[in-house]
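My notes follow in the order I looked things up.

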Amino acid sequence: MHKSFLLLFCVCFSLQLLAQQSRIDSLSRVLEKTEDKDQKGSLLIFRSKATTPISIEKARTDAQEALSYYQQTGNVEGQIDAYLQFSGLYSREAKYKLALDVDSVTYDLSKKLQYKKGLAISLSNMGRNLQQVGDMKKAKKALLESNAMFISAGMERETAEIKNRLGILYRRMGEFKASLKSFDEGLVIAHKYNLTNALANIHMNKANTLDESGAYDEAIRNHLESIKLKEKMKDERGLAQSYNNLANVYTHTGQYKEALGYYQQTRIINENQKQQNKTSLALAYNNLANGYSALNQYDSVLYFHNKALALFTETGEKPGMAMVYHDLGNYYFEQQDYTTSMDYLNKALNIQAGSLLRTDEASTRNIMGVVLGKMNRHKEAEQQLLKALTLVKDTNTRLQESIYKSLASHYNVIGDFEKANDYQSRYFNIKDNLLTESEAINMVKEKGNYDLEKKEIALQLSEQQKKVDKLSINNRNKTIWLLIVSLGMLGILTFVFAYNIHQRKISAAELSRKNQRIETLVRELHHRVKNNLQVVSGLLALQSNRLEDDNARQAMDAGRSRVDAMALIHQKLYMDKDLASVDIKVYLENLSSSLAHSFGYSEQTVSTMVNLNHDNMDVDRAIPIGLIVNELVTNSFKHAFDDTENPEIKVLLVHKKANVLELEIADNGKGYSGKEDMSSSFGMKLVHTLVEQLNANLVTENINGTSYKILINTIS
């Protein structure tokens with residue numbers, strides 16, 4: 001049954017991907033027609049979010065390109081939105097520490113600009129990522145601040161996700177009442193705004209808290225509600241999470257075979273995803289190990305535990321590492337290897353203690369108490385068990401039941417029968433309350449209703465398909481003879497026509513395919529080079545924002561400017577019809593405009609004039625010319641206009657004579673004195689190197705400003 005369901009789900013998910021790809025293609029067509037850079041940035045962010053489930057690499061490229069456009073126009077809010085998308089992508093890849101670095105940059109930029117939406121989302125992302133690395137105190141503070149900021153900004157809709165994240169946090173801290181309250185508040189908001197995805201996630205996470213509280217029938221009901229919503233959305237990744245959590249409930253109620261089936265489905269879905277989520281995959285492996293252990297199939301237990309531990313270690317998720325250490329300790333306890341068991345339990349406790357993970361810490365101390373008792377270290381065992389009980393004393397959960405049972409056994413062993421009887425009665429009292437007969441029946445009933453609903457839907461679809469097939473057959477019979485005659489005549493005409501042009505068509509098609517393939521490969525090469533250069537530019541910009549030393553920041557910005565100049569060349573190459581040359585006039589105009597904006601000047605400050613026999617110029621000559629213009633125009637903006645009221649820069653490229661081009665960059669600034677050694681700077685050294693590469697001569701004048709004239713010999 002599980003295999004059939006997975007096959008059906010894969011087909012449905014493939015159809016959803018096709019529809020999503022269609023939306024992405026539509027966005028791409030709109031992007032091609034859009035000239036405004038801010039609009040391009042907004043569309044690229046939108047496409048990045050749509051592309052994320054299909055390809056994180058493509059989504060990151062779109063976010064980087066959007067960031068580049070926003071940096072060119074000086075749109076700081078747009079830059080913040082791009083960084084927020086980067087944080088989401090890093091979290092999806094389980095790169096939580098890197099996501100937190102980006103969150104920090106985004107928070108600082110939003111605070112400086114007083115951009116409330118950016119601040120609120122940055123804090124929300126921080127809360128999520130801090131949870132994953134185990135800093136619960138800071139995570140709670142960030143989420144509460146984010147919730148308050150969304151409300152003050154009139155953005156109640158966005159608080160549904162904050163309530164969801166707070167509910168998860170409170171559960172992990174052992175505050176189950178606060179957790180359920182937060183989830184219920186989130187459900188009200190999600191229903192109000194019809195947020196299907198939020199409803200699915202909140203029902204799932206509420207079910208997890210109910211499971212921890214021992215309300216198993218309610219947990220099953222909420223899990224199945226979440227699964228139904230995710231099936232409608234064709235949310236493959238979300239279904240994997242729900243199957244995993246549903247299996248946990250079956251494990252806690254002793255239905256191990258049912259649990260193992262869902263754990264296997266979770267593993268298969270996670271392993272087959274194009275963009276694997278390492279956190280989800282690690283959870284699947286760890287729970288699969290626990291499932292095999294419960295069924296006494298020990299051969300696979302250590303294999304899957306170690307795979308989970310390796311993934312959690314790679315992502316730096318300390319709570320996840322602690323969970324695996326805890327489960328390994330439990331495994332070795334069952335194997336009666338008490339020394340190894342204590343080693344792993346101590347590793348788990350070192351992470352949990354002091355991290356506000358009260359429930360996890362109590363669970364580990366409970367097992368430690370039992371193991372220490374087996375090792376005849378009864379005083380230490382009692383300390384651990386009583387500490388565990390203190391951590392969960394205000395809750396009525398299955399963990400509390402387990403601790404009462406452990407304490408009753410402990411006092412019975414050491415001969416304190418009064419305390420043993422006391423804890424034994426508490427154990428039976430809470431055990432009776434956790435899973436009543438009616439709740440067990442409700443669990444089966446909820447699952448049965450869900451399966452019946454799926455069968456009814458499948459039956460309705462089958463009946464509808466039969467009606468459609470019958471109508472199709474009738475219509476087909478009426479037209480079949482007409483089609484046969486028409487196709488016969490068309491076939492004869494086609495054969496005669498094809499016979500005459502067959503040989504020419506084959507040759508032309510083959511040549512065309514080769515040309516198109518070569519052209520596509522060259523365009524893709526230029527596109528990838530441009531994207532890689534923009535990624536480098538974005539990384540330099542990100543680092544520059546965090547540098548405090550002005551000289552270091554200026555050096556970083558200068559390097560980014562050179563990278564942008566080269567990226568612009570490759571952008572022109574893959575967008576233009578001619579793949580081997582660039583429209584030098586358009587390129588220099590765009591480069592000059594971009595440099596003016598980056599230094600806070602209007603684009604009219606730089607006048608560009610190109611007067612050549614042909615505006616298209618080969619790449620080997622265009623790139624050095626572009627870099628020279630980048631360096632010299634940058635020098636003018638940085639050094640020439642301190643006391644100039646109407647700054648002007650002229651970029652001129654003309655045919656001086658038949659085989660000589662003249663490139664002139666001149667400004668009306670203050671010029672430079674003889675004491676200044678301009679040639680000693682890295683930028684000017686780069687200019688001289690590029691002049692030699694062009695087989696050219698450089699002449700500098702210092703009259704009414706600074707002028708650089710470069711005579712380029714076009715005969716190499």
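Which residues form one aromatic cluster? I find Y298, Y325, Y331, Y332 and Y344 in it.

**Ground rules.** I am working with a predicted model, where local features need pLDDT of at least 70, side-chain atom pairs count only at pLDDT 80 or more, and totals for chains, interfaces and linings use all residues. I number residues from 1 along each chain as its sequence is written, and side-chain values use heavy atoms, with hydrogens and water left out.

**Overview.** I get 26 helices and seven strands for the protein chain. These are DSSP runs numbered from the N terminus (helices are H or I, at least four residues; strands are E, at least two). Of the 716 residues, 47% are buried. For burial I use relative accessible area: under 20% is buried, over 50% exposed, and in between partly exposed (1.4 Å probe, protein chains only). Looking at contacts with a separation of 6 or more, I see that 61% come from residues 24 or more positions apart. A contact here is heavy atoms within 4.5 Å.

**Aromatic pairs.** I describe a pair of aromatic rings by the distance of the centres and the angle of the planes. Rings of Phe, Tyr and Trp (its six-membered ring) pair if their centres lie within 6.5 Å; planes under 30 degrees apart are stacked, over 60 edge-to-face, and the rest tilted. The count comes to 16 aromatic pairs. One of them is Y331 with Y332, edge-to-face at 5.1 Å centre to centre and 75 degrees between the planes. Y331 is buried because its relative accessible area is 9%, and Y332 counts as buried at 17%. I also checked Y411 and Y423, which are stacked, with 5.8 Å between centres and 10 degrees between planes. That pair links distant parts of the chain: Y411 sits in α20 (residues 398-414) and Y423 in α21 (residues 417-434), 12 residues apart. Both Y411 and Y423 are buried.

**α15 against α16.** α15 (residues 301-315) packs on α16 (residues 318-334) at about 160 degrees, with the axes 9 Å apart. So α15 is roughly antiparallel to α16. My cut-offs are under 35 degrees for roughly parallel, over 145 for roughly antiparallel, 65 to 115 for roughly perpendicular, and oblique for the rest. Axes are lines fitted to C-alpha atoms, for helices over the stretch in contact, and angles run from 0 to 180 degrees between N-to-C directions. On the α15 side I note H305 and F312 among the contact residues, and on the α16 side Y325, Y331 and Y332 are among them. By class, the contact has 12 nonpolar, three polar and one charged residue. Ala, Val, Leu, Ile, Met, Phe, Trp, Tyr, Cys and Pro count as nonpolar, Asp, Glu, Lys and Arg as charged, and the others, Gly among them, as polar.

**α11 against α12.** The axes of α11 (residues 216-233) and α12 (residues 236-252) come within 10 Å and cross at roughly 165 degrees. That makes α11 roughly antiparallel to α12. I count 10 nonpolar, seven polar and two charged residues in the contact.

Most residues other than glycine have a negative phi. I found A94 with a positive phi of about 65 degrees, in the loop between α4 (76-92) and α5 (96-113). A94 is buried at 2% relative accessibility. N296 also has a positive phi, near 60 degrees, and lies in the loop between α14 (278-294) and α15. N296 is exposed, at 52%.
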